[in-house]
Amino acid sequence: MKEIQKIDTAIVNANVVLENGILWDGVILLNGGRIHSFGKARETEIPKDAVQIDAGGAYVGPGFVDIHVHEGGRYTTYYDPAKTATHFLRHGTTSFLATPYYSMTFDEIMRALRILRDAMGKVGTLKGIYMEGPYTNPDYGANAATNPWRAEMDEAQMKAMVDAAGDMVKVWTVAPERKGIQAFLQYAKKVNPTVRFALGHSEATPMQIRALGKFRPTVLTHAFDATGRLPVYEGTRGYGPDEYALKEPEVYTELISDSCGIHVHPELQQLLLHCKGVDRVVLITDSTYQNSPNPEALQHVEDLNFDPFGGISGSKMTMEQACRNVMTHTNCGIAQAFLMASTNPSRVIGLDDEVGSIAVGKTADLVFVDDRFRVQRVMLKGELCHFASEE
């Protein structure tokens, strides 16, 4: 991190959300788009020439980091990254990974990779790619019937995708039971040594997952969604990816927390936090855009999308909604929600030296929220964001 000296901005009258709690009536001092220091108001000297921003008693925490998001505001993160970036930025997401669909064709994926390669560095909040497939189990997930990746792995296609993705990919979701998956994992790691593998859209047993050895996934793609369990003797409950992730302490688990607890029932959300702790749960929006109507029994649901067959197909959420929902379903607090929406995801993708928490030297990507987790203001690299109009 760069050495920071002169203070140019002071955020005052703030409840500062830190990794280990909340600093009431706090002050955050900034310089050059980075965090210089923070402390209690009565103990912090503010330079006379510093610009003061009155937080008005809001909670000020690290900007949200959404590592798994397909679409937003009617645009795709992989074909229209700049437009989706603006949509989510106004709702507090200051870092995101573009997420192509696991059901896209080879040509569609290659097109997305070309567009994203061009966008990297131009779209400030775009930090890379989350590849949800295509080497997952095609029997799991929305639109399973039309999944084009049912054939055996084509080595030339596989290498072309990995080469095109290069170091842009932060996370790659796989199903360990797929034939040829070991060769894919080995090649993906060779091309991009820092990539992390996620476990998802799978019915793999813990034994199959452990058999991957040094390529074992360290992330579970959307816990309790699009996973299966192989049948065992005489009706005994099976075991699969979810059970593996609950047991393995180093595995991070993604969570889609919608308002009605349809993706993941509130009891299971509570179980997840009980087993993993708030430092291993990663909130995601899994936001998509679908034209299919809600099923008859779910007409009242406003933050979910459904496929043409009535199956769940991601959400319409922003991260502020996901935080509010998880607080409702699990009784966690604002500081814990920020851990799951900012700190943990930044660690998963290796950006925690720069973003994800309020710490000296980190980029001043900040979000101001009220006690109902409604975003009031957003700061990107130390500058308050101004949006032309509501969408």
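**Close-up views of the predicted model**

**View 1. The largest cavity.** Thirteen residues line the largest cavity, and P62, G63, V355, G356 and D365 are those nearest its centre. The model shown here and in the other views is predicted. Sorted by class, its lining consists of six nonpolar residues, six polar residues and one charged residue. The count of cavities of 30 Å³ or more comes to two.

**View 2. The second largest cavity.** The second largest cavity holds about 40 Å³ of space. Its lining is made up of V17, L18, E19, P62, A335, F338, L339, T343, S357 and I358. Helix α9 gives the largest share of this lining, four residues. Strand β1 and helix α9 each contribute at least two residues to the lining. Seven of the lining residues are nonpolar, two are polar and one is charged. P62 is named for this lining and also lies among the residues nearest the centre of the largest cavity.

**View 3. Strand β5 and its two partners.** Strand β5 (residues 59-62) pairs with strand β1 (residues 9-18) in the parallel sense, through two bridges. The pairing of β5 with strand β18 (residues 366-369) is antiparallel and comprises four bridges. Within that pairing, V367 of β18 stands opposite G61.

**View 4. The eight-stranded sheet.** An open sheet is formed by eight strands with parallel pairing, in the order β6-β9-β10-β11-β12-β13-β14-β15. Its edges are β6 (64-69) and β15 (281-283), each of which pairs on one side only. Inside the sheet, β11 (residues 169-174) and β12 (residues 196-199) are joined in the parallel sense by four bridges. W172 has F197 as its bridge partner in β12.

**View 5. The largest nonpolar core and F373.** The largest nonpolar core contains 53 residues, of which F64, I67 and F373 touch the most other members. Helix α9 (residues 334-348) supplies the largest share of this core, seven residues. A further core of 38 residues lies apart from it, with M153, M161, M168 and F215 among its members. Neighbours within four places in sequence aside, F373 is in contact with F64, E320, C323, R324, M327, I334, A337 and F338. Of these contacts, F64 is also named with F373 among the residues that touch the most other core members. F338 is in contact with F373 and also belongs to the lining of the second largest cavity.

View 6. Q376 is a residue of strand β19 (residues 375-380). With a relative accessible area of 47%, Q376 is partly exposed; the cut-off for exposed is over 50%. Neighbours within four places in sequence aside, the contacts of Q376 are A55, A58, F368, V369 and D370. Q376 and A55 are 321 residues apart along the chain, and their C-alpha atoms are separated by 9.3 Å.

**View 7. The largest pocket.** The largest pocket has a volume of about 350 Å³. Its lining comprises 22 residues, and Y102, A142, I312, S313 and G314 are nearest its centre. Strand β17 (residues 312-315) gives the most to this lining, with three residues. By class, twelve of the lining residues are polar, seven are nonpolar and three are charged.

**View 8. The second largest pocket.** The volume of the second largest pocket is about 240 Å³. Sixteen residues line this pocket, with G124, K127, L351, E354 and V355 nearest its centre. The lining has six charged, five polar and five nonpolar residues. V355 is among the residues nearest the centre of this pocket and is also one of those nearest the centre of the largest cavity.

Notes: Residues are numbered from 1 along each chain as its sequence is written. This is a predicted model: local features need pLDDT of at least 70, side-chain atom pairs count only at pLDDT 80 or more; totals for chains, interfaces and linings use all residues. Side-chain values use heavy atoms; hydrogens and water are left out. Two strands pair if DSSP finds at least two bridges between them. On a 1 Å grid over the protein atoms alone, a cavity is a set of points where a 1.4 Å probe fits but cannot get out, and a pocket is an open set with protein on both sides within 12 Å along at least five of seven lines; lining residues have an atom within 4 Å of a point. Grid points are joined across faces, edges and corners, and a volume is the space filled by probe spheres set on the points. Ala, Val, Leu, Ile, Met, Phe, Trp, Tyr, Cys and Pro count as nonpolar, Asp, Glu, Lys and Arg as charged, and the others, Gly among them, as polar. A nonpolar core is a set of buried Ala, Val, Leu, Ile, Met, Phe, Trp, Tyr and Cys residues joined through side-chain atoms within 4.5 Å. Buried means under 20% relative accessible area, exposed over 50%, partly exposed in between (1.4 Å probe, protein chains only). Contact means heavy atoms within 4.5 Å.
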